[in-house]
Amino acid sequence: MQLDDIVAAVRAAHDSHTPLRIRGAGSKDFYGGLLAGDVLDVSGHRGIVAYEPTELYLTAKCGTPLADIEAALAEKNQMLAFEPPRFGGATLGGCIAAGLSGPRRQQAGAARDFVLGVRLVDGTGQVLDFGGQVMKNVAGYDVSRLLAGSLGTLGVLAEVTLKVLPKPVAEATRVFELDEHDAVARLNAWGGRPLPISASFWHDGRLWLRLSGAGAAVEAAQRALGGEVAVDAGKLWESVREQTHPAFASPVLWRLALPSTAPDAGLGTPAAVEWGGALRWYAGEQDAARGAAARLGGHAVLYRAPESLRCREGAFTALSPALLALHRRLKKAFDPKGLLNPGRLYAEF
């Protein structure tokens with residue numbers, strides 16, 4: 001598949017008023033609103049366009065599997081530092097459109113922080129370029145990062161340029177026996193110290209802490225923190241990144257983004273806590289999840305649920321009138337007929 005094929009498909013849909021559902025590998029079909037529209041399969045638009053290890057950037061087409069990108073980076077001892085979940089066969093376009101980040105987000109930042117540039121096919125079939133290949137080219141309105149997490153509602157991410165980083169020289173994982181309250185308190189205390197913490201994960205009375213960086217720094221941090229050496233740490237972090245860990249097994253899963261110092265949300269014991277206490281997962285139906293998150297200064301996402309519950313609750317917290325008006329203006333500018341991934345982000349779109 002070539003870029004011209006994507007352009008032609010979008011233009012034909014625009015002319016015929018046909019809604020389109022943009023799909024790469026379909027690895028995140030569970031996420032967001034209900035799926036609607038004719039499938040625009042972009043998985044054939046794949047391949048690494050440019051990779052400059054010395055300049056720390058990589059450009060690839062939207063259908064390129066993350067596994068292919070990470071294999072190329074590994075040859076140069078580099079990585080996607082935000083550790084996006086692969087969910088089997090995830091593609092670059094879906095990775096950025098969903099905007100999901102893995103356990104290293106605590107240290108490295110979110111997916112959007114690594115987007116340097118994009119080539120976008122908007123809802124009329126026009127090809128637009130935003131950003132560049134290095135940070136100094138990202139000036140003015142940062143549309144490239146705006147597209148991260150937009151779930152394909154503003155256009156087809158035909159190509160994406162990402163910042164990449166070297167892999168850490170050394171890593172170690174320590175494990176501590178702590179309840180949820182003590183784990184969050186400890187994480188916040190450690191967060192105020194110069195420690196090379198790259199990930200944290202609490203589940204069922206145990207807290208895992210990953211340290212990454214220079215060998216001397218990792219060794220010193222281990223001595224200062226104590227705890228026990230984690231067994232099969234690599235497998236643990238892989239299961240957290242891919243959400244194959246038992247903590248994520250529930251068919252209904254809420255994802256609360258909160259200030260790391262937020263107290264107990266009153267929703268029972270979390271299934272898991274990540275990102276230094278700032279990301280808390282709750283299993284099962286939680287009628288009070290959105291109210292609790294708002295009260296604590298954060299927001300809640302119905303991350304995974306049966307269609308009936310997703311339809312009733314909506315995946316994302318309702319927007320305030322001002323934000324809704326802004327979203328509508330953006331949607332009108334990029335997709336004036338509202339044909340791309342309708343309802344995937346908000347029902348109003």
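A: Both faces of strand β4 are covered: Y57, T59 and K61 are buried on one side, and L58 and A60 are buried on the other. The model is a predicted one. Buried here means under 20% relative accessible area.

What lies beside β4? The strand belongs to an open sheet of five strands, in the order β3-β4-β8-β6-β7, with antiparallel pairing. The edge strands, β3 (48–52) and β7 (127–131), each pair on one side only. Neighbouring strands in this sheet are turned against each other by 10° on average, with direction ignored. Strands of a sheet pair through backbone hydrogen bonds, which can be parallel or antiparallel in arrangement.

On one side, β4, which covers residues 57–61, is joined to β8 by five bridges, and the two run antiparallel. Y57 stands opposite K163 of β8. K61 has E159 of β8 as its bridge partner.

The other neighbour is β3. Four bridges join β3 to β4, and this pair also runs antiparallel. Y51 stands opposite L58 of β4. The two strands form a hairpin with four residues between them, and in this hairpin L56 takes a positive phi near 60°.

Helix α2, residues 66–75, touches β3 and β4, and its direction makes about 25° with that of β3. Helix α2 in turn has contact with another helix: the buried residues of α8 pack against α2, and also against β10 (170–177), β11 (197–203), β12 (206–213) and β15 (272–274). Those buried residues of α8 are A233, L236, W237, S239, V240 and R241. Just after α8, Q243 takes a positive phi of about 55°.

Another strand of the sheet, β6, covers residues 115–121 and holds L116. L116 has 3% relative accessibility and therefore counts as buried. L116 and F316 are 200 residues apart in sequence, and their C-alpha atoms are 26 Å apart in space.

Rolling a probe the size of a water molecule over the atoms shows where empty space is left. There are two cavities of 30 Å³ or more. The largest cavity holds about 320 Å³ of space. Its lining has at least two residues from each of β1 (20–23), α3 (92–98) and β8 (156–163). Helix α3 gives the most to this lining, with four residues. In total 23 residues line the largest cavity, and I22, G24, G93, G94 and A97 lie nearest its centre. By class, this lining divides into ten nonpolar, nine polar and four charged residues.

The second largest cavity has a volume of about 110 Å³. It is lined by 15 residues, and the closest to its centre are S101, G102, Q243, E274 and W281. Helix α8 (233–241) and strand β16 (279–283) are the elements that give two or more residues to this lining. The lining of the second largest cavity divides into nine nonpolar, three polar and three charged residues.

The largest pocket has a volume of about 1,100 Å³. It is lined by 36 residues, with R112, A148, G149, H299 and Y346 nearest its centre. Two or more lining residues come from each of α5 (143–146), β14 (253–257), β17 (299–304) and α11 (321–334). The largest share, five residues, comes from α11. By class, the lining of the largest pocket has 22 nonpolar, nine polar and five charged residues.

The second largest pocket holds about 280 Å³ of space. Among its 18 lining residues, R310, G314, A315, Y346 and A347 lie nearest its centre. Helix α10, residues 307–313, gives the most to this lining, with four residues.

To return to the strand: β4 pairs antiparallel with β8 through five bridges and with β3 through four, while helix α2 touches both β3 and β4.

Note on methods:
Residues numbered from 1 in each chain as written. Predicted model: local features only at pLDDT ≥ 70, side-chain atom pairs only at ≥ 80, totals over all residues. Heavy atoms only, no water. 1 Å grid on protein atoms, 1.4 Å probe; cavity = no way out; pocket = protein on both sides within 12 Å on 5 of 7 lines; lining within 4 Å. Points joined across faces, edges and corners; volume = space filled by probe spheres on them. Nonpolar A, V, L, I, M, F, W, Y, C, P; charged D, E, K, R; others polar. Pairing = 2+ DSSP bridges. Axes fitted to C-alpha atoms, helices over the stretch in contact; angles between N-to-C directions. Contact = heavy atoms within 4.5 Å. Buried < 20%, exposed > 50% of the residue type's maximum accessible area, 1.4 Å probe, protein only.
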